[in-house]
Amino acid sequence: MSDDTTKEKISVSSYVERLLHYTPGLQHLSTYQREWFRSDLVAGAVVFAVLIPSNLAYGELAGFTPVVGLYAGFVAMLAYALFSSSRQIIIGPESTTAILLATTVAPLAMGDSARYAVLAGALALFVGLICLLAGRFRLGFVSDFFSKPILTGYITGTSIVVIISQLGKMFGISLSSVEISDKFFELISKLDQTHMLTLAFGIITLIILFCIRIFAPRLPGPLIVVVGAIIVSTVFHLEEFGIAIVGDIASGLPEMHVPLISFSDFQVLIPAAIAISVIMFTDGTLTGRVFAKKNHYKLDSNKELIAFGAANICTGFFQGFPVGASQTKTAVNDSAGGKSQLSSIIAAGLVILFLIFFTSVLSNLPLVALGAIVIVAGYSLIDIGEFRSIYQARRSEFVLAILTLVGVLVFGLIEGVALAVGFSLLEFIRRIYRPHSSILGIHEGKDGFHGVSSEGEKFFFPGLVVYKFDAPLFFANASYFSSDLSSVLSTSEEPVRYLLLDAEAITDLDSSASDMLRELVEELHEKKIIVGITGAGCMLIEMMHKTGIEEIVGLENIFPTIRSGIIAFGERYLEDQES
């Protein structure tokens, strides 16, 4: 074999390795096990059955004709399957991105459906580009900044917004307002215009959906409702009685278009695109991590960013709108046995066949049925138990969740999340500015060392105080540390002769805090109080060495554990007692 042939093979091999690195979906398929195919085929068919009604509903929720939800779905699924590191996530239209899109684009479009579609496509492109750039610069860690309280409050607020947005369909009332609060009050003012047959049909649909959800959760409730609603509508000609239906839908696949917008539109869409990107990625990553852990593999958050980016760019070019991970369809895929993204590809392929040959089936579907499906989906995301667990864990985080919920309802989705993040940062600053501190002791019947706060707890021996500070020491909390420790020492029942500082949580020390600590140790030495430090990490020890604190405290007074420090000071106490 010639050297040129060998080099060519190495070059091709290197190219293939690079391609597989950037396309985890292909990498999974390259190692695909044949015994998975049956499971993926079944899962793909089940996902298809679930996504048809839900994507139609979310297309309507986003402000389009329902079929656009199918356009956005299958295009995004094919792109996502290529780049995703998740094997179970099903991507597509979902309530959060749909309602964010509607509230952002509707005021700009001003009733022009063609302009609405262009703006929605541009928004999807911006979301995709933001995700691609974030993935390229490895910004996947950003999702960690959205705490559980923020996500809980946000999802609940969004769910309520989604439910309110569908009430017009349920009552058969045409609403012109864009803002959710305005839409709600407009509905109240127009209740006398309620179309009673539409309302009755919607209530019956809701009852059926909830009954299936409670008594037969494994059945595809939305699909059953859609099929049943079409049959009833066709047999009884519900349109003639004033019940709005989907109407004629053009068969075929969406054409590729480049959405061109003005600079003023760009300025409005970019903040919304950033908000959608962060929220969509955070929600998708959390969902992906759950199923990755369950199926014993690791999720790469940066590759997920690229996958979400590719999916949104593709749907933006093909008459779609921003998409994200669907918790419901992902759970269905996993429970049906989906082993890889091949199940998503199969579902997308079935959607393509449906769009080409069977769209006429949907023409008699009542819009109120789609509204009921969205309402039940929104209701399913409201988790009161989650609020209860947050309240029991930490009251301040419960307040943060409620603030996020109220912010979303009062100020809007994007503004509400921004407000919640701001409050979260303030709470973090407050916690680190005034961190928890305690005097440690022992308690009968308990192992280890605990804060001294009740009867039955006691100190180790007279004159010793073990003080714990639960945060890094820096300029903002240095003064608090000094005053808090001085207060502890001055209020001690026994004259303090030994101070042992538990520094396990003090992971860092800046120059301001170093000066404070050095001055404090010198002051305590003047009062004949011996200072010891225990549990210091490598970074703290290095800082103490550089700033001279190590020399002032003394190497003999720096201990690896609290126990070793207590033993050493106890021996000195006994020596002092004997002398």
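Reply: Start with Lys527. Its relative accessible area is 52%, so Lys527 is exposed, because exposed means over 50%. Bear in mind that this is a predicted model. The partner of Lys527 is Glu523, in a salt bridge whose closest N and O atoms are 3.6 Å apart. That passes the test, because a salt bridge needs the nitrogen within 4 Å of a carboxyl oxygen. Glu523 has a relative accessibility of 37%, so Glu523 counts as partly exposed.

In general, side chains of opposite charge can pair when their charged atoms come close. In this structure there are seven salt bridges.

Take Lys546 and Glu542. Their side chains meet in a salt bridge at 3.2 Å, N to O. Both sit in helix α22 (residues 538–547), four residues apart, so about one helical turn separates them. Lys546 has 59% relative accessibility and therefore counts as exposed. Glu542, at 42%, counts as partly exposed.

Now Glu60 and Lys169. Their side chains form a salt bridge of 3.7 Å, N to O. Glu60 belongs to helix α3 (residues 37–61) and Lys169 to helix α8 (residues 167–171), so the bridge ties together parts 109 residues apart in sequence. Glu60 and Lys169 are both buried.

Charge also meets aromatic rings. Arg87 lies over the face of Tyr297, 4.6 Å from the ring centre. Arg136 places its charged end over the ring of Phe137, at 5.9 Å from the centre. The Arg136 value passes because the limit for such a contact is within 6 Å of the ring centre.

Next, the rings themselves. A pair of aromatic rings is described by the distance of the centres and the angle of the planes. The structure has 19 aromatic pairs. In one of them, Tyr80 and Phe308 have ring centres 5.4 Å apart and planes at 40°, so the pair is tilted. This pair links distant parts of the chain: Tyr80 is in helix α4 (residues 67–83) and Phe308 in helix α13 (residues 301–317), 228 residues apart. Tyr80 has 0% relative accessibility and so counts as buried. Phe308 also has a relative accessible area of 0%, so Phe308 is buried.

Phe126 and Phe266 form another aromatic pair, with 5.3 Å centre to centre and 85° between the planes; that makes it edge-to-face. Here too distant parts are linked, with Phe126 in helix α6 (residues 113–136) and Phe266 in helix α12 (residues 263–294), 140 residues apart. Phe126 is buried because its relative accessible area is 15%. Phe266 is at 33%, so Phe266 counts as partly exposed.

Ring pairs link Phe48, Phe354, Phe357 and Phe358 into it.

The disulfide count is zero. For that count, two cysteine sulfur atoms would have to lie within 2.5 Å. Cys211 has 35% relative accessibility, so Cys211 counts as partly exposed. Cys538 reaches 71% and therefore counts as exposed.

Now step back to the whole chain. It has 24 helices and nine strands. Its C-alpha trace spans about 105 × 85 × 50 Å along the principal axes. Of its 579 residues, 48% count as buried. Contacts between residues 24 or more positions apart make up 79% of those with a separation of 6 or more. The Tyr80–Phe308 link spans 228 residues, and the Glu60–Lys169 bridge spans 109.

Last, confidence. The chain has a mean pLDDT of 85, and 92% of its residues reach 70 or more. Where pLDDT is low, the predicted coordinates should not be read in detail.

Key:
Residues numbered from 1 in each chain as written. Predicted model: local features only at pLDDT ≥ 70, side-chain atom pairs only at ≥ 80, totals over all residues. Heavy atoms only, no water. pLDDT = per-residue confidence, 0-100. Buried < 20%, exposed > 50% of the residue type's maximum accessible area, 1.4 Å probe, protein only. Phe/Tyr/Trp six-rings, centres within 6.5 Å; stacked < 30°, edge-to-face > 60°. Helix = DSSP H or I, 4+ residues; strand = E, 2+ residues; numbered from the N terminus. Lys NZ or Arg CZ within 6 Å of the ring centre and 35° of its normal. Contact = heavy atoms within 4.5 Å.
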